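Thanks for coming. I will go through the core, the salt bridges and then the interface. Please have the model open while I talk.

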Amino acid sequence: MSTDTQWRVFEVFHQQSRGEPHIHVGSVHATDGESALLMAKEQFGRRQACVNMWVVPADAITETAYEDADIFEHGTDKSYREAFGYETTKRARAIGDTRDI
Amino acid sequence: MPTEAVQPSVTPAVRSAVIDLLYRLADDSVILGHRNSEWTGLGPILEEDIAFSSMAQDKLGHAQALYTLLHELGEPAPDANAFLRTTEQYRCCELVALARADWAFSLVRQFFFSEADRIRFELLSQSAFEPLAQLARKLHGELKYHVMHGRMWMKRFGQGTAEGRERIQTAINAVYPHALGMFESTAQDEAIAAHRIGPSESEMQDRWENEGGTVLSDAGLTVPKNVKPVYGGRAGKHGPELAALLESMQRVYRIDPNTQW
């Protein structure tokens, strides 16, 4: 659309401490990655802890369609495939995660 | 807080020099913060509006911290100092007081100021006046971001469209004489350097011209040559812009200075 003056959309991910996964926090408009990072820092970095930030052009993301959400459903019981039985998971939970399994 | 207990080793000469410096730093910060806050809601794009407003908030925070150091040296409390002094009592440079004009003008002013601000506080982190050195180390991250922000925009405008480059160059030419006024020295300049409280203004200016000039040249922009600096602000001689700003900034506080906020 020639009348569209919006800049590209960048999705923003932040990491609250080293080793943690990057979490999606929102998006910004920018012309390029460097300016997207500088904008994202003020939009998303100022209200909570952050040690590292990623920006990714939104058009670089390939996504599934919501009408295909059923592909993620299990047709039969496959709980044996879930990772809860592993020893490492149990140790990790014993250390820091008290949520119910 | 009692004044002498804070820094028992401070001699009267050092104290006078520190107070002179702190007023200049604090007044620059509060006035620039106030000026840039005038862009809140009016920025060219939402993201930049928020980033610019946030940097204005940073500057008000720096002012608060610097006025607090002054208060610990026996000067008035931060609010009274910012809101009750007259135009002639302010020691900011004219650069920060100028009306915000267009976006290019405000952006270039912020760029020139941030470049000097970062150099100054980097040197002040080694200050012999320890409370100021501690504060300088604390402000490091915010000032680093301000510089990254300014440089990013100079690069974009310098290498972008012809219109953008022309508008930013026009702003650079207009702001430059006032930017040089940041380095107007005072009677305390020698004492500040001699007691290792902070850099001399000539050292500051050399470093600023070198580092800021490189950014502009690399961006394909032109650094004005043989420019006569606009002085006066450090001696309390201000143009009408500062008076208008203070009238607006101080109006509510002056209605009842004893009100508890």
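Let me start inside. The largest nonpolar core has 77 residues, and B:Ile31, B:Tyr90, B:Phe112, B:Met154, B:Met182 and B:Trp208 touch the most other members. A nonpolar core here is a set of buried Ala, Val, Leu, Ile, Met, Phe, Trp, Tyr and Cys residues joined through side-chain atoms within 4.5 Å. Buried means under 20% relative accessible area, exposed means over 50%, and partly exposed is in between, with a 1.4 Å probe and protein chains only.

Before going on, the ground rules. This is a predicted model, in which local features need pLDDT of at least 70 and side-chain atom pairs count only at pLDDT 80 or more, while totals for chains, interfaces and linings use all residues. Residues are numbered from 1 along each chain as its sequence is written, chains are lettered from A and ligands numbered from 1 in the order in which they are written, and side-chain values use heavy atoms, with hydrogens and water left out.

Next, salt bridges, meaning a side-chain nitrogen of Lys or Arg within 4 Å of a carboxyl oxygen of Asp or Glu. Over all chains the rule gives 21. Take B:Glu201 and B:Arg24, whose closest N and O atoms are 3.3 Å apart. B:Glu201 sits in helix H10 (residues 201–218) of chain B and B:Arg24 in helix H2 (residues 12–37) of chain B, so this pair ties together parts 177 residues apart in sequence. Helices are DSSP runs of H or I with at least four residues, strands are runs of E with at least two, and both are numbered from the N terminus. Are the two partners buried or exposed? B:Glu201 is buried, at 2% relative accessibility, and B:Arg24 is buried too, at 3%.

Helix H10 of chain B also holds B:Arg207, and helix H6 (residues 103–124) of chain B holds B:Glu122, so their pairing ties together parts 85 residues apart in sequence. The closest N and O atoms of that salt bridge are 3.4 Å apart. B:Arg207 is partly exposed at 24%, and B:Glu122 is partly exposed at 38%.

B:Glu163 is exposed at 54%.

Last, the interface. On chain A, 13 residues are in contact with 14 residues of chain B. A:Leu38, A:Met39 and A:Glu42 supply 44% of the area that chain A buries against chain B, more than any other three residues. Buried area is the accessible area (1.4 Å probe) that two parts lose on being put together, summed over both; for chains A and B that comes to about 1,200 Å², 60% of it on carbon and sulfur atoms.

The rule finds 3 salt bridges across this interface. One of them joins A:Glu34 to B:Arg156, with the closest N and O atoms 3.0 Å apart. Those two residues also belong to a salt-bridge network with A:Asp32 and B:Lys155.

Note on methods:
Contact means heavy atoms within 4.5 Å.
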